[in-house]
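This briefing covers a handful of places in one structure, grouped by topic. Please look over the sequence and the model before reading on.

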Amino acid sequence: MENKRKASMRSTSMGDFIPSQQKRPRGGDWEEDGPSQFEEELAFLDEVEAEVALEMKEAQLSSDAIPLGKLFSSVHNPKWQRPLPPKINPKEEGLCFQQVELDYYVGSHISGFPGCTQGSVPVLRMFGVTAAGNSICCHIHGFAPYFYVPAPPGFQVENLSEFQRELNIAVIRDMRSNKDGLNQVVLAVEICKKQNMYGFHGPHLLSFLKITMALPRLIAPAKRLLEQGLRCGTLGTHNFQAFEANIDFEIRFMVDRDIVGCNWIELLAGKYRLRQEESAGESNKENLRKVSLCQLEADVAWMDFISHPPEGEWQRIAPLRVLSFDIECAGRKGIFPEPEKDPVIQIANMVLRQGEKDPFVRNVFTLQNCAPIVGSQVLCFPKEDELLKTWAEFIRTVDPDIITGYNIQNFDLPYLLTRAQTLKVIPFPFLGRILSRKSVIRDSSFQSKQMGRRENKVINLEGRAQFDLLQVLLRDYKLRSYTLNAVSYHFLQEQKEDVQHSIITDLQNGSDQSRRRLAVYCLKDAYLPLRLLEKLMCVINYMEMARVTGVPLGYLLARGQQIKVVSQLLRQAMKQNLVMPVVKTEGGEDYAGATVIEPLKGYYDVPIATLDFSSLYPSIMMAHNLCYTTLLQQGAVERYGLSPEQFIRTPTGDHFVKSSVRKGLLPEILENLLAARKRAKLELKQETDPFKRQVLDGRQLALKVSANSVYGFTGAQVGKLPCLEISQSVTGFGRQMIEKTKQLVESKYTIANGYSADAKVIYGDTDSVMCRLGVESVAETMEIGREAAAWVSSHFIPPIKLEFEKVYFPYLLINKKRYAGLYFSSNSDMHDKMDCKGIETVRRDNCPLVANLINTCLQKLLIDRDPSGAVTHAKEVISDLLCNRVDISQLVITKELTRTADEYAGRQAHVELAERMRRRDPGSAPNLGDRVPYVIISAAKGVAAYMKSEDPIYVLENNLPIDTQYYLEQQLAKPLLRIFEPILGEGKAQNVLLKGEHTRCKTVLTAKVGGLMAFATKRSTCIGCRAVLNHHGAVCKFCLDHQSELYQKEVTHLSCLEEKFSRLWTQCQRCQGSLHEDVLCTSRDCPIFYMRKKVQKDLDDQELLISRFGPPTW
């Protein structure tokens, strides 16, 4: 929910730039007595920078290094600018750069370059960076979109002109409006020899028509008209099937020129032109003026440059500029900030060169005066419109290649653009690299099997790759919470202050010291995404994935998995004159998945060996030559006269030719990927440079993921080219191999063959089998496991290989896909970790109490070998739960809001709560894609669970009672029984854990709101005996003699609560980095926050109770 939804939002007004005040007056609510840890880091970065002097060259830049025009005024810091570009003579010198972004636009023909000379033409555009750090925009001319259709029977060269004319007329007639004034939409039609890649068609190539269109958008209507039927003169009317008509224009160009994402491009001397800065009277057809903010701008023909494969020296990465930013807004009380009404008050920025450790630009733009921050430049503005205008100039001057942050796609950038529009800051929206293109906000809906449905904003920033860290994490990691605080703790083991948006306005309206505190908080929110990008190697991994799969970097976050395989498939198909058909995406019939050998459930106190097939599905496809091009469709065996030795029959009854007849495309792709991975891993072992090691590690990971995604592509029923025969054959072979492995292991490793025991396969799943080999030690199990893997592998066709992977000892097998054990992989004397699969320790849809309890029980069972201790611990936790002694942070359940309330089949707890929260405060309510935290509260008997969900903070503030019985029956019971039933037995486990003395004592709180509380009259009770009093005193007349004793007891309890609160407060101060400031954090992912809120409330109640004793009398 708080996808950093900006639980810390931001504010604004209007004015000119004024320097940060140098004096720091004492006093005030927000006075800071000492620097926080993060501020010390900032100061240290300043010292490092001074020592190394990284920016000596950039400091000497002249003010006119970049064409400023109306989009620039003054540069507040020379470090912002890029190094000056060298003077280049295009006739004598080449130009080399790493391309980062690739797109196209519709422009006009330029003389001297190939392509259509009339009307509008598509021009491809690459944005990149040279090795020296200069930005470049390269316009590529002459490439036109095309697709294929099979030539009708009897079609000859003399029919080409008539076919072209008929299609041209049909497409123009079909156009709703011809705004580009096109009269020639079909540029060329030629006959070529190709073959349909779907199915085996023998050695002979067939005649295809290659149809070249004027613009990419014209391919769709041309395809539709050809499918409906087109008259071909004397040959009559034919309905054509289209091939490769659904390929993106950028992918088509990259495939044809063998360009991959983020590779290096070399413009050859004498083959390109450089555009000059705009100056009066100089612009003509020969000397084109620049249209971008890049330092260098070139034009080149589509065949006149070199695309270097990313190998050897061309694996390097240019010094790309990565900007991370964060904004703060000042909202109104109780209302989430709205850009039409609430100002932007601060924007923090960090700029890093890829490959360097520390950001070289660190600044914060603030509205009104702000006290200085050591290690960061503070720019203060009296007016909000000046702040926004200067920040936009900062973006254009720094000229970042990659823009990152946390939730910038759905909050920061849309908020800034809408706010600037509201304030009429005219130059603001030009944030991309193209001078004439405004950045605008569009709504987008993305749906995939992996991620479900997500609604996002899309903002065009031409030439700059947007790398929203939140979107990266949502795509690549499964976490319980996606707030920046939770993510930082998970990956960096450090937390940050999480300031609620309602407090930010108070900080802004305070002094320059309070605004300084907010600025430090904002700077940290900009710094953490950079730290996380480095830690997770996101930029490098995504770049290597773009290089491996051959798609632009921007596609990896905006598109699904299939485009990666399509790109690889087209590249391989092109070499063999194969073309890819366009198939209608319809959900087809399903097929049987992987096999699961029925588990022999139980607790195994002997070592269990795990044998695993290495890259099972890719190796099956390679071993058996499974591919579109080798598939024998009905009647193909007879048609091509194939003998039984020339093809195979798969376990599912499908037929494919052997590699001796035709080597499949998919096996070739997989062989190339796995061979490249082997090379990358070898280079990784030999490499010593840390940055190059990161690049190679990212490359081998990208190669592994790509190889595994090829099978998924064939099985995607709603996809570019689904093939049920391939996918079901792969899983069929997989099932057969698992069964054969079981039979081989159990037949060889027996007492009869001289082994100490009969081996037994106790479980098998997809690509691995778990074997009880009957030996007592882990070392012996490892030795026999390796021997078994090698022996079984010899029974399969290479490259299928069974490997010994690990030993579990002890091992708890609960059910299919649910097990736990101590994991031994290399050292037989010490386990690597406690491995859990499908158990609540790794699931996100349960409350933390379940994960913690199950984890502790498993540790006692597996590590301590103490089943009775595990049972005792489980009973204690159940007792604490029923007696309301469990902290509320342990009871918070989080679920993702994947659809609107109307789209869910049944009513869901988190959906109902989201609707209630929307009614309370629309601004801070969860959106689609957010994870909603909630707890289940007590209600009348029979009320459904979805009606009992409530916001944890609301529960704390209003003392609402938790439905402990729900947590016991619906959350704890099943996971506990699953792990204890194999040990205690089915009936006994339930009786021991869920019934008995520990379940009889219950504590129920009295709510302050809801139900009958609106009609109830509050009465005081005696502190000693709980008798109802007619007055507001402390005790009744019977307990009056013990009043001093009771008073002392309550004061002692107050003292304990104060001590507990003090400890929690100090913990929070340490987390925020300063022991001299108030704690403002409201992080809902932090158990300390809930504990602090609870103790704070208990303290207030206890002080109220003590006040009933009255003032002390002497």
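Ile-936 counts as buried because its relative accessibility is 0%, under the 20% limit for that class. The model is a predicted one. Ile-936 belongs to strand E34, which covers residues 931–936.

**Surroundings of Ile-936**

- Beyond residues up to four places away in sequence, Ile-936 touches Ala-945, Lys-948, Ser-949, Ile-962, Asp-963, Tyr-966 and Tyr-967.
- One of these contacts, Tyr-967, is 31 residues from Ile-936 in sequence, and the two C-alpha atoms are 8.0 Å apart in space.

**Helices H21 and H24**

- Helix H21 takes in residues 867–882 and helix H24 residues 964–984; their axes come within 11 Å and cross at roughly 175°.
- H21 and H24 are therefore roughly antiparallel to each other, since angles over 145 degrees count as such.
- By class, the contact of H21 with H24 has 14 nonpolar residues, 2 polar ones and no charged ones.

**Helices H13 and H17**

- The axes of helix H13 (residues 562–575) and helix H17 (residues 690–715) come within 9 Å, with a crossing angle of roughly 95°.
- That angle makes H13 roughly perpendicular to H17, because the class runs from 65 to 115 degrees.
- From H13, the residues Gln-562, Val-565, Val-566, Gln-568 and Leu-569 meet Ser-706, Ser-709, Val-710 and Phe-713 of H17.
- The contact of H13 with H17 is made up of 5 nonpolar and 4 polar residues, with no charged residues.

- Leu-387 sits in helix H5, residues 384–398, and is buried, with a relative accessible area of 0%.
- Apart from neighbours within four places in sequence, Leu-387 is in contact with Ile-345, Ile-347, Phe-365, Thr-366, Leu-367 and Phe-381.
- Leu-387 and Gln-346 are separated by 41 residues in sequence, while their C-alpha atoms are 8.6 Å apart in space.
- Arg-125 is part of strand E3, residues 120–129, and is buried too, with a relative accessible area of 6%.
- Not counting residues up to four places away in sequence, Arg-125 touches Glu-101, Leu-102, Asp-103, Tyr-104, Tyr-105, Cys-137, Cys-138, His-139, Ile-434 and Glu-462.

**A sheet of 4 strands**

- Strands of a sheet pair through backbone hydrogen bonds, in a parallel or an antiparallel sense.
- Here an open sheet of 4 strands runs in the order E5-E7-E6-E22, and its pairing is mixed.
- Strand E5 (146–150) and strand E22 (578–579) each have a single partner strand, so they stand at the edges, and one side of each has no neighbour in the sheet.
- E22 pairs with strand E6 (residues 186–196) in the parallel sense, over 2 bridges.
- Asn-196 has Val-579 in E22 as its bridge partner.
- Helix H2 (residues 160–174) packs on the sheet and touches both E6 and strand E7 (206–213).
- The direction of H2 makes about 115° with that of E6.

Methods
Residues are numbered from 1 along each chain as its sequence is written. This is a predicted model: local features need pLDDT of at least 70, side-chain atom pairs count only at pLDDT 80 or more; totals for chains, interfaces and linings use all residues. Side-chain values use heavy atoms; hydrogens and water are left out. Buried means under 20% relative accessible area, exposed over 50%, partly exposed in between (1.4 Å probe, protein chains only). Contact means heavy atoms within 4.5 Å. Axes are lines fitted to C-alpha atoms, for helices over the stretch in contact, and angles run from 0 to 180 degrees between N-to-C directions. Angles under 35 degrees count as roughly parallel, over 145 as roughly antiparallel, 65 to 115 as roughly perpendicular and the rest as oblique. Ala, Val, Leu, Ile, Met, Phe, Trp, Tyr, Cys and Pro count as nonpolar, Asp, Glu, Lys and Arg as charged, and the others, Gly among them, as polar. Two strands pair if DSSP finds at least two bridges between them.
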